[in-house]
Amino acid sequence: MSSLNEVQSWVASLDATLLPCLPARELQAADRSTHPSHHVDVERHAREFMEAAKQLQVFFIRVQHEHQPPKEELLKKEIAGLESELRAKDELIKRQKRLLQGWRDILKAQKLKHIHELERV
């Protein structure tokens with residue numbers, strides 16, 4: 001059975017087991033007859049619904065796992081991302097160091113200027 005047919009079958013099963021559990025159906029059955037055998041077996045339909053839902057969930061989990069990249073590939077991507085982030089941060093640090101050095105040079109020049117001015121006085 002193809003995946004599409006499996007999914008359609010489970011959805012049909014969900015529908016078939018859920019519809020009898022709806023209050024309108026239960027009330028209609030109760031209105032037509034008071035005999036217990038004519039009433040909807042809600043518990044049985046609920047169990048069947050849960051079983052069909054479980055099968056559908058297992059199918060979707062399996063499909064999800066089939067389409068996920070392997071763990072090794074995920075780790076390689078994460079490592080590449082971290083390395084890229086590290087390079088960017090290294091560049092920022094270098095830039096800040098250059099700025100700091102420029103400020104130090106300016107302060108050193110200002111200090112020398114003030115010393116020369118003080119020596120003249």
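What percentage of the 121 residues of the chain count as buried? The share is 10%. This is a predicted model.

**Overall build**

The chain has 4 helices and 0 strands. Read from the N terminus, its elements run α-α-α-α. Take the contacts between residues at least 6 apart in sequence: 72% of them join residues at least 24 apart.

**Helix α4 and the recorded region**

Helix α4 covers residues 71–120. In an unreviewed entry, UniProt lists residues 72–99 as "coiled-coil region". In the model, this span is 100% helix and 0% strand. Its end C-alpha atoms lie 41 Å apart.

L99 sits in helix α4. Together with L100, W103 and I106, L99 makes a nonpolar surface patch of about 380 Å².

**The aromatic pair**

The structure holds 1 aromatic pair. Its members are F59 and F60. A pair of aromatic rings is described by the distance of the centres and the angle of the planes. Here the centres are 5.5 Å apart, with 65° between the planes. The pair is edge-to-face because its angle is over 60 degrees.

| Residue | Relative accessibility | Class |
|---|---|---|
| F59 | 6% | buried |
| F60 | 45% | partly exposed |
| L99 | 33% | partly exposed |

F59 counts as buried because its 6% is under 20%.

Terms used. Residues are numbered from 1 along each chain as its sequence is written. This is a predicted model: local features need pLDDT of at least 70, side-chain atom pairs count only at pLDDT 80 or more; totals for chains, interfaces and linings use all residues. Side-chain values use heavy atoms; hydrogens and water are left out. UniProt positions are given in the numbering used here, feature names are shortened, and annotations may be inferred rather than shown by experiment. Helices (H or I, at least four residues) and strands (E, at least two) are DSSP runs, numbered from the N terminus. Patches are made of residues with over 30% relative accessible area and no salt bridge: like charges are joined within 9 Å, nonpolar side chains (Val, Leu, Ile, Met, Phe, Trp, Tyr) within 5 Å. Accessible areas come from the Shrake-Rupley method with a 1.4 Å probe; for residues, only the protein chains shown count as cover. A salt bridge is a side-chain nitrogen of Lys or Arg within 4 Å of a carboxyl oxygen of Asp or Glu. Buried means under 20% relative accessible area, exposed over 50%, partly exposed in between (1.4 Å probe, protein chains only). Rings of Phe, Tyr and Trp (its six-membered ring) pair if their centres lie within 6.5 Å; planes under 30 degrees apart count as stacked, over 60 as edge-to-face and the rest as tilted. Contact means heavy atoms within 4.5 Å.
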